[in-house]
Amino acid sequence: RSDTSEGSWVLLDASASMSARASAGVAEGSASWAAALERAGELAEAGAQILVFGETPQIVAFDSLDTLLPVASASRLAPALARAAEAGARDVTVLSDLRLDDPVEAELSMGRSPFGVQIERHGGPVRNAGVARFELPSRVQSGQPLSVGIALFSEGTDPVDTIRVEVWEEERLVVSVGVLPAEPGLLATATIRLPAPRDIGWRRYRLLVSLPGDQFAPDDAKSAFTEVVPSEGGLVLL
């Protein structure tokens, strides 16, 4: 390994979506990850530092590349760009399928970065919809309905497609609605009103999305918790 590219960094996306199978064939997903690894190795041989990102960025040694697997449950590029900037990077190459959980933050970070960023996409488009964000209030009063915010991403969809969205309170289906998909790289956002929780205490809610022909299932669900407390009340003493 040479040191001719001091200041060069490789940001390698190790999220699970890097193994997604495209329509062209069953093996394309694994081939895409293998191609990204090979490219990372080439750049590392030329002296680049390797930073793997998913949920959190992590520096990896060149001789550990072969042990990496795309298993991260999220793909957040902005923290990886920040880490490279803090380390004094002068140029950055991003190897990713660009199915990012933080596309807006990543774009802003690239615009503010003190270095040049080159994007190399690995993996073709797949027909897919997934959950980017599912937000519940941390605490609600019993007997009160909930308003929850959701954000969905999608690619490979048709103009006539609708993403089916279900919200479950524990094992009870409480809402089923349709949401129109957004353009690739953008998020479809919505606020959904849920009925009052059935019981007090900590309650688990699950958001499930479905799209006919979806080719990547791991991003179809996300869970969140809220604490249901008794309604406020008191005694009035006269």
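1. E135 is partly exposed, with a relative accessible area of 43%, where buried stands for under 20%, exposed for over 50% and partly exposed for what lies in between (1.4 Å probe, protein chains only). R133 is partly exposed as well, at 32%, and E135 forms a salt bridge with R133 in which the closest N and O atoms are 3.5 Å apart; a salt bridge here is a side-chain nitrogen of Lys or Arg within 4 Å of a carboxyl oxygen of Asp or Glu.

2. A word on the source of these values: this is a predicted model, in which local features need pLDDT of at least 70 and side-chain atom pairs count only at pLDDT 80 or more, while totals for chains, interfaces and linings use all residues. Residues are numbered from 1 along each chain as its sequence is written, and side-chain values use heavy atoms, with hydrogens and water left out.

3. The structure holds twelve salt bridges, and one of them joins the side chains of R127 and D161 at 2.9 Å, N to O. R127 lies in the loop between β5 and β6 and D161 in the loop between β8 and β9, so this pair ties together parts that are 34 residues apart in sequence; helices (H or I, at least four residues) and strands (E, at least two) are DSSP runs, numbered from the N terminus. Both R127 and D161 are buried.

4. Another salt bridge links the side chains of E227 and R139 at 3.2 Å, N to O. Because E227 belongs to strand β13 and R139 to strand β7 (residues 139-141), the pair ties together parts that are 88 residues apart in sequence. E227 is partly exposed, with a relative accessible area of 21%, whereas R139 is exposed, at 54%.

5. Five strands form an open sheet of mixed pairing, in the order β3-β2-β1-β4-β5, two strands being paired if DSSP finds at least two bridges between them. At the edges stand β3 (58-60) and β5 (116-121), each with a single partner strand, so one side of each is left without a neighbour in the sheet. Within this sheet, β1 (residues 8-13) and β2 (residues 49-53) run parallel and are joined by five bridges, and V10 has I50 as its bridge partner in β2.

6. An open sheet of three strands has the order β6-β8-β11, with antiparallel pairing. Its edges are β6 (128-135) and β11 (188-194), each having a single partner strand, so one side of each is left without a neighbour in the sheet. Seven bridges join β8 (residues 146-155) to β11, and I150 stands opposite A190 in β11.

7. The largest nonpolar core has 25 residues, of which F134, L152, V165, V167, L194 and L207 touch the most other members; such a core is a set of buried Ala, Val, Leu, Ile, Met, Phe, Trp, Tyr and Cys residues joined through side-chain atoms within 4.5 Å. Strand β8 gives the most to this core, with four residues.

8. Which residues of helix α3 (residues 103-112) are buried? They are P103, A106 and S109, and, seen down the axis of α3, they fall within an arc of 125° (taken from the directions from the helix axis to the C-beta atoms), so they line one face of the helix. The face of α3 turned away from its buried side carries the exposed residues V104, E107, G111 and R112.
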